[in-house]
Amino acid sequence: MGKEVESLWLFAFISKCQAFTEASIAWPILVMGVLAWLAMTLVFWAHPGGPAWGRHSWRNGKSSASSALAEKQIPGPRGFPLFGSMQLMASLAHHRIAAAAKACRAMRLMAFSLGETRVIVTCNPDVAKEILHSSVFSDRPVKESAYSLMFNRAIGFAPYGAYWRTLRRIANTHLFSPKQIKASEAQRCEIAAQMVAMFGDQHGKSFRAREIFKRASLNNMMCSVFGSKYRLDTSNSEVEELQRMVGEGYELLGLLNWSDHLPWLADFDAQKIRFRCSKLVPKVNRFVGGIIAQHRDDRNGENNYRDFVDVLLSLQGPERLSDTDMIAVLWEMIFRGTDTVAVLMEWILARMVLHPDVQSKVQEELDNVVGRSRHVAEADVAALVYLMAVVKEVLRLHPPGPLLSWARLAINDTMIDGYHVPKGTMAMVNMWAIARDPYVWEDPSEFMPERFMSNKEGLVDFSVLGSDLRLAPFGSGKRSCPGKSLGLTTVSFWVASLLHEYEWLPSDQTTGVDLSEVLRLSCEMANPLTAKLRPRRRTRLYD
Ligand code: HEM
């Protein structure tokens with residue numbers, strides 16, 4: 001509120017001047033006011049990191065002029081007056097931020113401004129650990145679209161506190177426990193079989209895999225979350241409606257909303273984000289609310305845990321959620337579980353088409369571990385060490401969340417890498433830059449799954465689940481991804497199945513695989529993978 005007032009003081013000043021319109025004094029005062037405002041804007045802008053840092057420093061300077069903390073400033077680009085470095089967040093933000101950090105010699109820690117928001121970002125694994133493991137950064141910044149879409153009542157955007165802790169506890173003990181993941185194995189097998197059959201229909205033709213991956217992933221989440229089973233090869237109005245809702249939410253959450261950082265724009269809704277959210281939310285409420293009501297009717301007081309809805313309905317005492325909160329949590333699960341898995345699968349198979357030698361090694365391993373007489377079972381995946389090295393290498397070069405999806409927010413003043421970081425600062429980790437840093441990885445731009453098979457860099461048994469910040473595509477610390485084991489299990493099993501059944505070849509229509517990226521909520525292939533398949537097994541037990 002204070003900030004808005006500060007930004008708008010010029011307008012208030014002009015309106016006051018109307019009282020003097022008759023008097024000849026009005027114009028000089030107005031001109032002086034404009035000049036003073038311009039001078040302040042330039043003073044704020046001149047600060048390392050740009051206007052938001054300058055404003056903070058100026059305010060802080062007033063309260064503690066000789067503060068020693070204020071002396072050591074985090075390096076970073078100034079950007080533009082008022083707007084700061086908003087352009088860094090335009091398309092492929094991870095590339096732009098890494099380039100800016102390099103130019104400012106601020107790979108460890110860089111400051112920049114997004115309008116009135118102070119931001120820090122690191123491209124260094126040690127500093128990333130300091131940020132992600134600090135309890136000060138356990139909150140998420142407020143994002144209007146996330147709040148409008150009810151995500152503030154779901155895990156991802158719930159403010160740090162008792163409610164978020166309850167949700168995390170529910171997620172860890174009920175939704176993503178090893179027992180629950182095991183319980184959904186049959187459904188993943190069924191969907192893998194349907195995918196294999198659908199891809200079989202494409203035999204010899206060039207085709208796009210993305211739509212099938214997205215649909216498979218959505219069907220999988222609908223089964224885990226709502227207990228609803230749909231076939232992959234038949235269209236269904238319910239799935240299509242949900243697919244449209246997920247697509248719209250995905251786009252809205254992925255957009256950079258200017259008014260999140262320039263509060264004086266908030267009333268205008270210039271990008272129509274608020275308007276679109278207000279259209280989407282009633283549809284989500286109707287859809288998910290209807291499924292909850294149906295489950296309630298079917299339960300008849302029995303504790304029958306089939307899916308996430310049943311789990312949430314069975315909670316008692318302080319863990320019990322209201323219907324609105326349940327809708328938010330379930331909708332988020334569908335939302336988060338769908339795109340990440342599909343995006344990662346597309347990157348893996350694109351790399352397999354691009355590197356036939358690596359693909360052959362994976363298939364050789366599959367032949368040794370599984371054999372050609374049967375299809376892959378989920379239990380086989382533990383023995384597919386080379387395949388797991390491939391998955392890790394793809395996560396390194398193409399993390400679905402290159403900036404770890406969602407930023408963190410400092411709930412208190414703190415020190416990071418020897419710099420003072422004030423409360424209210426947004427923090428980001430550029431995992432994409434860390435994973436391609438030549439000081440961290442040997443030959444970082446080479447696709448070499450073998451690096452995870454050799455003990456040279458101590459990478460055998462490397463865990464991507466967040467303990468080593470050289471590669472933590474699921475984040476790390478208190479707010480790391482709760483769905484990581486489920487996501488990894490699904491992706492590795494489905495990829496193993498698809499590579500066991502088919503050789504993936506370049507399509508006839510394209511010159512090769514295009515690895516260009518587009519960053520929405522996740523970082524996807526800009527040009528969807530098109531490929532051709534050659535069956536590898538004579539007897540297809542799936543049929
Ligand atoms: C390949 C698959 C996936 C990737 C790469 C991925 C990545 C991420 C990342 C980077 C974060 C932010 C972590 C941080 O701030 O430290 C995150 C958070 C989250 N993910 Fe995932 N994720 C995946 C799958 C899933 C699945 C399958 C689900 C659920 C069905 C899920 C649910 C969530 C939720 C609820 C959060 C927010 C956690 C919080 O704020 O406490 N994710 N994920």
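Predicted model: local features only at pLDDT ≥ 70, side-chain atom pairs only at ≥ 80, totals over all residues.
**Stop 1: the annotated segment**

Select residues 29-46. The UniProt record, an unreviewed entry, lists these residues as "transmembrane region". In the model this stretch is 94% helix and 0% strand. Its end C-alpha atoms are 25 Å apart.

**Stop 2**

Now select residues 110-114, 117-122, 408-409 and 426-429. These are strands 1, 2, 4 and 7. They form an open sheet of four strands in the order 1-2-7-4, with mixed pairing. Strand 1 and strand 4 stand at the edges. Each has a single partner strand, so one side of each is left without a neighbour in the sheet.

Walk across the sheet in that order.

- Strand 1 to strand 2: the pairing is antiparallel, over five bridges. Show Met 110 and find its bridge partner in strand 2, Val 121.
- Strand 2 to strand 7: here the pairing is parallel, over four bridges. Keep Val 121 on display; Met 428 in strand 7 stands opposite.
- Strand 7 to strand 4: the pairing is antiparallel, over two bridges. Arg 408 stands opposite Ala 427 of strand 7.

**Stop 3: the side chains of strand 7**

Strand 7 shows Met 426 and Met 428 pointing one way. Ala 427 and Val 429 point the other way. Are these four buried or exposed? All are buried.

**Stop 4: the helix on the sheet**

Return to strand 2, which pairs with strand 1 over five bridges.

**Stop 5: two crossing helices**

Select helix 13, residues 273-299, and helix 15, residues 323-354. Two packed helices are described by the angle and the distance between their axes. The axes of helix 13 and helix 15 come within 10 Å and cross at roughly 105°. That makes helix 13 roughly perpendicular to helix 15.

Which residues meet here? From helix 13, show Val 284, Asn 285, Val 288, Gly 289 and Ile 292. From helix 15, show Asp 323, Met 326, Ile 327, Leu 330 and Trp 331. By class, this contact between helix 13 and helix 15 has seven nonpolar, two polar and one charged residues.

Note on methods:
Residues numbered from 1 in each chain as written. UniProt positions renumbered as here; feature names shortened; annotations may be inferred. Pairing = 2+ DSSP bridges. Contact = placed C-beta atoms within 7 Å. Axes fitted to C-alpha atoms, helices over the stretch in contact; angles between N-to-C directions. Buried ≥ 20, exposed ≤ 12 C-beta atoms within 10 Å, placed from the backbone. Parallel < 35°, antiparallel > 145°, perpendicular 65-115°, else oblique. Nonpolar A, V, L, I, M, F, W, Y, C, P; charged D, E, K, R; others polar.
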